[in-house]
Amino acid sequence: MALLLCLSNMTTLEWSATDNVNPYFYYFYVQSSFFSDLLSSVTKTSAQSGVYMQDILNLTAVRLPLIEQNIIIKYLADKTAQIDALIEKKQRMIELLKEYRTAVITHAVTKGLNPNVKMKDSGIEWIGEIPEGWEVKPLKHVVLINCISLPETTVPGYKLRYIDIGNVEHGKIINQPQELIFSEAPSRARRIVKQGDTIVSTVRTYLKAIAFIDSQEENLIVSTGFAVLSDSTFLLPKFAFYIVSAQKIVDTICAMSVGVNYPAITATDLGTISVWYPNKGEQTSIASYLDRKTQQIDALIEKKQRMIESLQEYRTALISNAVTGKIDVRDTVSA
């Protein structure tokens, strides 16, 4: 029996069973904070970034009698399975909350807030019915798309704050934009955004990276992998964000995307997608309602995420204490 452990994209260890070693003990051992600290010390002192086999072979390893290894393995297998089940349950709850969030947005921007409103056929099959008095137009007729970009003649020292697809999740900018100067920024760092704009990913559209720009910073730049929607005389900024976040729009963007490994949609094709909307007074009411509802849902999601982080920290601590002998698990494991 052998156990392969991939510690990084370049280092794989193999432990084989012997009379004195159960490789599954080291499966848990390398998940401990004790081992992580050792690995970090090696990484910091290496001449180049990364971890190499010889570095790892020189690390101190915990050695225990085989019978104690087996006891610890049994204990940790049971305990980590319980923790992992709790983590999986909370992750599933987060996914359900995200689905509920999308459903709330889709219902509000498609049906409005009046449950008794009279409906009419939108004239577009995939949209279905919408409230009477609402209009339907192609997106390009109600917003400007990619109207401002950084020119190639921008001074090399221009300081910008760059937002890539990795910065967007769940309708928000989740990480701080990267601070760069123009000469060192990637060639895709070109789209200028301002407060009130909505950005929609046009590459890797399955990620559904859509976000509202709420920042007043003047040097925010997003990747050309986004379409920037702005300056609408028909849609209020926040309503524009919610309408393109609706499941029907997101599904249509994905369906129109071309490519298997890297599906994408052009800004031109994006602009042909129809959107529907009421008067601005009703847009204000819907946007305000959705702000409140999504904030409540987001708070629940954040709470679940904090619980997951706590469970993951507890899991690591439990493993660390068990493999280093800080807790005695011999009496907790049945023979």
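Helix α4 (residues 66–111) gives six residues to the lining of the largest pocket, the largest share from any element. The model is predicted: local features need pLDDT of at least 70, side-chain atom pairs count only at pLDDT 80 or more, and totals for chains, interfaces and linings use all residues. Residues are numbered from 1 along each chain as its sequence is written, and side-chain values use heavy atoms, with hydrogens and water left out. Helices (H or I, at least four residues) and strands (E, at least two) are DSSP runs, numbered from the N terminus.

**Largest pocket**

- The largest pocket holds about 580 Å³ of space; a pocket is an open set of points on a 1 Å grid over the protein atoms alone, with protein on both sides within 12 Å along at least five of seven lines, and its lining residues have an atom within 4 Å of a point.
- Grid points are joined across faces, edges and corners, and a volume is the space filled by probe spheres set on the points.
- The lining of the largest pocket has 20 residues, of which T102, H170, G171, L207 and K208 are the closest to the centre.
- Two or more lining residues come from each of α4, β8 (168–169) and α6.
- By class, the lining of the largest pocket has eight nonpolar, six polar and six charged residues; Ala, Val, Leu, Ile, Met, Phe, Trp, Tyr, Cys and Pro count as nonpolar, Asp, Glu, Lys and Arg as charged, and the others, Gly among them, as polar.

**Second largest pocket**

- The second largest pocket has a volume of about 370 Å³.
- Of its 22 lining residues, G171, K172, I173, F212 and D214 are the closest to the centre.
- The elements that give two or more residues to this lining are β7 (159–163), β9 (172–173), α5 and α8.
- Helix α8 supplies four residues, the largest share of the lining of the second largest pocket.
- The lining of the second largest pocket divides into eight nonpolar, six polar and eight charged residues.

**Cavity**

- One cavity of 30 Å³ or more is present in the structure; a cavity is a set of grid points where a 1.4 Å probe fits but cannot get out.
- The largest cavity holds about 50 Å³ of space.
- Its lining consists of V200, S201, T205, K208, A209, I210, V250, I253 and C254.
- β12 (198–201) and α6 (247–256) each give two or more residues to the lining of the largest cavity, and the largest share, three residues, comes from α6.
- In the lining of the largest cavity, six residues are nonpolar, two are polar and one is charged.

**Helix packing**

- The axes of α5 (residues 237–245) and α8 (residues 280–323) come within 9 Å and cross at roughly 65°; axes are lines fitted to C-alpha atoms, for helices over the stretch in contact, and angles run from 0 to 180 degrees between N-to-C directions.
- Helices α5 and α8 are therefore roughly perpendicular to each other; angles under 35 degrees count as roughly parallel, over 145 as roughly antiparallel, 65 to 115 as roughly perpendicular and the rest as oblique.
- The crossing of α5 with α8 is left-handed, the term for a near helix turned anticlockwise from the far one by less than a right angle, with right-handed for clockwise.
- K238, F239 and Y242 in α5 meet Q283, I286, A287, L290, D291 and T294 in α8, where contact means heavy atoms within 4.5 Å.
- The residues of the contact of α5 with α8 divide into five nonpolar, two polar and two charged.
- Helices α4 and α5 pack at an angle of about 115°, with their axes 8 Å apart, and so α4 is roughly perpendicular to α5.
- The crossing of α4 with α5 is left-handed.
- T102, I105 and V109 of α4 make this contact with F239, Y242, I243 and S245 of α5.
- The contact of α4 with α5 has five nonpolar, two polar and no charged residues.
- The axes of α4 and α8 come within 10 Å and cross at roughly 170°, so α4 and α8 are roughly antiparallel to each other.
- The contact of α4 with α8 has 28 nonpolar, five polar and nine charged residues.

**Backbone**

- K208 is not a glycine but has a positive phi of about 55°; K208 lies in the loop between β12 and β13 (210–212).
- N146, also not a glycine, has a positive phi of about 55° and lies in the loop between β6 (144–145) and β7.
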